[in-house]
Every structure is written in C-alpha cells, then in structure tokens.
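Hi,

Here is the structure I promised to pass on. Have a look at it first, and then read on for what turned up.

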Amino acid sequence: MNLSEIYLQNARENFADYKLLGERSMEQMADDDLFWKPNAVSNSVAVIVNHLWGNMLSRWTDFLHSDGEKPWRKRDEEFEEQITSRKELVEKWNAGWACLLQTLDSLEPEDLEKKITIRGQELFAIEAINRQLTHYASHVGQIMMIGKMRLGENWSALSIQKGKSQEFNREMKGINRESI
C-alpha cells in the first residue's frame, strides 16, 4: 500500500469516527436537547446538523469537477432553525455523511494531487479533504459539548472515562491487573 492509499483509508476512518461520535452523542440526548442552545449566538445540535448537511452536499457533490461552494447552496439558511424532528435530523445527518463517504470511497490515490476549487480558491484535493476533516471535527465537538451540558452526570463518555486512563493503557498494551 502506498502513502496515498494509506492517507485515503485513514481519512475515511477518521470521518467515520467523527460520524460515530456525533451519532453516539445525539443518541444520548432527549429530543428537546437537540433543539436547545446555550445562548442567542450559539447553535443547537439541529442547526449544526443542518449546516453539516448543507456543507457536505455542497463540498462532496462532484468533488473533483465543480466548485465546492455550489450555486444551489444557501449557507446562511443552514443556521436557521429548519429541522423540526429527530427523524428529520437523522435523515439529514445520514444524507450528508453518505455523500461524503461515497465520494471519498470513489477517489483514487492519484486524485489527491488534483486541483479542486472551493469558493474559487484552488486547492489540492488532499488539502480540501483535510480542511473538511477539521471542520467536521469541530462541529462534532460542539455536538458532544452540548450533550455534556444537557446531560451532566448522565452523560456517557465516548472515549476514556475520567480516572480510567491507566486502566485503559494497560488494556491497550495487553496487560491485565492480575499480572501487575
């Protein structure tokens, strides 16, 4: 496997990990939590999902051949309360991620060096992928933070739980407590 193949595989795995973190966060939340926002200048989970959906469809549709900011995208409207139910939220979430992952799966290693455009700015495809990876990670982090704020002590950690780092490290190294 060459470096470009490894990169594409790793990028796909990272996107899939962020998708799963978002889903596991939203699954813990009550329906009302998905529409709550901490203050007037913040976004709810529903608004974040709507924005991600719009961004993903725009960026990943015809990825190599047309500008990533499609003329049909209405970005400002993505930040309005448009989603009205968990069902609609899940449908948009899945549609956005499907577009992204299908496009990523269709890329060949040599595509990483191709030039694409986003808002008229020319980028290598690999740069655009990295840009989206960091963008989506930040929004999934926001979803997780809202979940933690809403659920408090009832939040189930999605990674290593507080105070469990050493235990986790032993498990990762294949060492159990009895051998220590």
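Leaving aside neighbours within four places in sequence, which residues is H51 in contact with? Before the answer, one caveat: this is a predicted model, and everything below was computed from it.

**Around H51**

H51 sits in helix 2 and is buried, at 3% relative accessibility. Apart from its sequence neighbours within four places, H51 touches R73, R75, E78, F79, H135 and H139.

**The charged network**

Are R73 and E78 buried or exposed? R73 has a relative accessible area of 9%, so it counts as buried, and E78 is buried too, at 4%. Salt bridges with shared partners link R59, E69, R73, E78 and R119 into one network.

**A link between helices 1 and 4**

The whole structure has 11 salt bridges. One of them joins the side chains of R12 and D105, at 2.5 Å from N to O. R12 belongs to helix 1 (residues 3-28) and D105 to helix 4 (residues 86-106), so this pair ties together parts that are 93 residues apart in sequence. Both ends are partly exposed: R12 has a relative accessible area of 28%, and D105 is at 47%.

**Helix 2 against helix 5**

How do helix 2 (residues 45-60) and helix 5 (residues 125-151) pack, and at what angle? The angle is about 165°, and their axes are 10 Å apart. Angles over 145 degrees count as roughly antiparallel, and these two helices are therefore roughly antiparallel to each other. The crossing of helix 2 past helix 5 is left-handed.

On the helix 2 side, the contact is made by V45, I48, V49, H51, L52, N55, M56, R59 and W60. Helix 5 contributes I129, Q132, H135, Y136, H139, Q142, I143 and I146. Sorted by class, that contact has 10 nonpolar, six polar and one charged residues.

Most residues other than glycine have a negative phi. Here are two residues to look at with that in mind. D62 is not a glycine, yet it has a positive phi of about 55°. D62 is found in the loop between helix 2 and helix 3 (75-78) and, at 40% relative accessibility, is partly exposed.

The other is R119, also with a positive phi of about 55° and also not a glycine. Where does R119 lie? R119 is in the loop between strand 1 (115-118) and strand 2 (121-124).

Cheers

Technical notes: Residues numbered from 1 in each chain as written. Predicted model: local features only at pLDDT ≥ 70, side-chain atom pairs only at ≥ 80, totals over all residues. Heavy atoms only, no water. Salt bridge = Lys/Arg side-chain N within 4 Å of Asp/Glu carboxyl O. Helix = DSSP H or I, 4+ residues; strand = E, 2+ residues; numbered from the N terminus. Buried < 20%, exposed > 50% of the residue type's maximum accessible area, 1.4 Å probe, protein only. Axes fitted to C-alpha atoms, helices over the stretch in contact; angles between N-to-C directions. Parallel < 35°, antiparallel > 145°, perpendicular 65-115°, else oblique. Left-handed = near helix turned anticlockwise from the far one by under 90°. Contact = heavy atoms within 4.5 Å. Nonpolar A, V, L, I, M, F, W, Y, C, P; charged D, E, K, R; others polar.
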